[in-house]
Amino acid sequence: MKKKLYVLTGFLGSGKTTFLLNLLDKIKDKKIGIIQNEFGKINVDGEIIDRDGIKMTEISRGSIFCSCLKLSFVESLAEMGKMDLDYVFVESSGLADPSNIEEILEAVKVLAGDVYEFKAAICLIDAVNFLDQIKEETVYRQLVHCHMAIVNKIDLVDENQIHKINEKIKEINPNCLIKYGKEGNIGLDFLSTDLKSLNKIASEDSLNTVDNKPKTISLQTEEILTRKELNEFLEKVLPDCYRIKGFFHLEEGWFQVDVVEKLIDYKPHGERKNSELVFLSKVGPKVIRTIDTNWKEIVNKPMKLKN
């Protein structure tokens, strides 16, 4: 029996991990494999999703569709193809361009045989920020190369915004199925829908290359901060970053930290050895100076920066 394969795309903060968590809760009776792709060295989303009974592989420090990691992705799919699984879900990085997925699957066939039924590329859309984000070529390519688009966070926008998003999606990809949800929640009917038949997508070269691979830097500290201190620091650094996320020890406890656009979100999290944040830079290595300067000015406590 072939494994059903879904590839999840969507720009930074669109809700891919939340969608996947909700989906896993609904199909607990199935044997699941997950390939998690992060730009940062620490796999924040992998730690959030990791649970008993799920076969998980993490591929970090770049896009799985880039030549820098494409072979690792093919090998991971091939290895997972040998396992006794019902579904395999690939959660790609927020800056991933999946245009070459069909080429990658052909390479998997050479290594592992015809073990997958590629069901669909699913693109998560952030209803709050999509109309600004679509100016990014990566966001445009993710939408063009999807079979289903999920407009997420609809509870945070009005009907007029949803209408504009719907029109923009149809303009760019008139054939994909459009679903709507909040907190990554939609029904399971898409799992029994022939999504690939809705949109015949030609394979292209991915825009992800070694030359345009964004810089990531991680901050580690054993210090405990107030939420006010951390907020002030993050707000200063955010203009130079696409995304900031990780885990932090604040005075009121441990939290998962997720920064999307101007929104800083905290969710309670279990205790860890130390606090870690990953910064995905808009400005290349210059972000190191931004992080270091603002940390010293606002926090002024020991920390380490790592590539």
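Lys82 is exposed, because its relative accessibility is 59% (exposed means over 50% relative accessible area, buried under 20% and partly exposed in between, with a 1.4 Å probe and protein chains only). The model is predicted, so local features need pLDDT of at least 70 and side-chain atom pairs count only at pLDDT 80 or more, while totals for chains, interfaces and linings use all residues. Residues are numbered from 1 along each chain as its sequence is written, and side-chain values use heavy atoms, leaving out hydrogens and water.

**Salt bridges**

- The count is 18 salt bridges, each a side-chain nitrogen of Lys or Arg within 4 Å of a carboxyl oxygen of Asp or Glu.
- Lys82 pairs with Glu79 at 3.1 Å, N to O, and Glu79 is partly exposed at 45%.
- Asp114 and Lys2 form a salt bridge of 2.8 Å, N to O.
- This pair links distant parts of the chain, 112 residues apart: Asp114 is in the loop between H4 and strand E5 (116-126), and Lys2 is in the segment before strand E1 (3-10).
- Asp114 is partly exposed at 44% relative accessibility, and Lys2 is partly exposed at 37%.
- In Lys296 and Asp292, the closest N and O atoms of the salt bridge are 3.0 Å apart.
- Both residues lie in helix H9 (residues 286-298), four residues apart, about one turn of the helix.
- Asp97, Arg141 and Glu204 are linked in a salt-bridge network.

**Helix packing**

- Helices H3 (residues 70-81) and H4 (residues 101-112) pack at about 55 degrees, with their axes 9 Å apart.
- H3 passes H4 in a right-handed crossing.
- By class, their contact has eleven nonpolar, no polar and three charged residues.

Definitions and conventions:
Axes are lines fitted to C-alpha atoms, for helices over the stretch in contact, and angles run from 0 to 180 degrees between N-to-C directions. Helices (H or I, at least four residues) and strands (E, at least two) are DSSP runs, numbered from the N terminus. A crossing is left-handed if the near helix is turned anticlockwise from the far one by less than a right angle, and right-handed if clockwise. Ala, Val, Leu, Ile, Met, Phe, Trp, Tyr, Cys and Pro count as nonpolar, Asp, Glu, Lys and Arg as charged, and the others, Gly among them, as polar.
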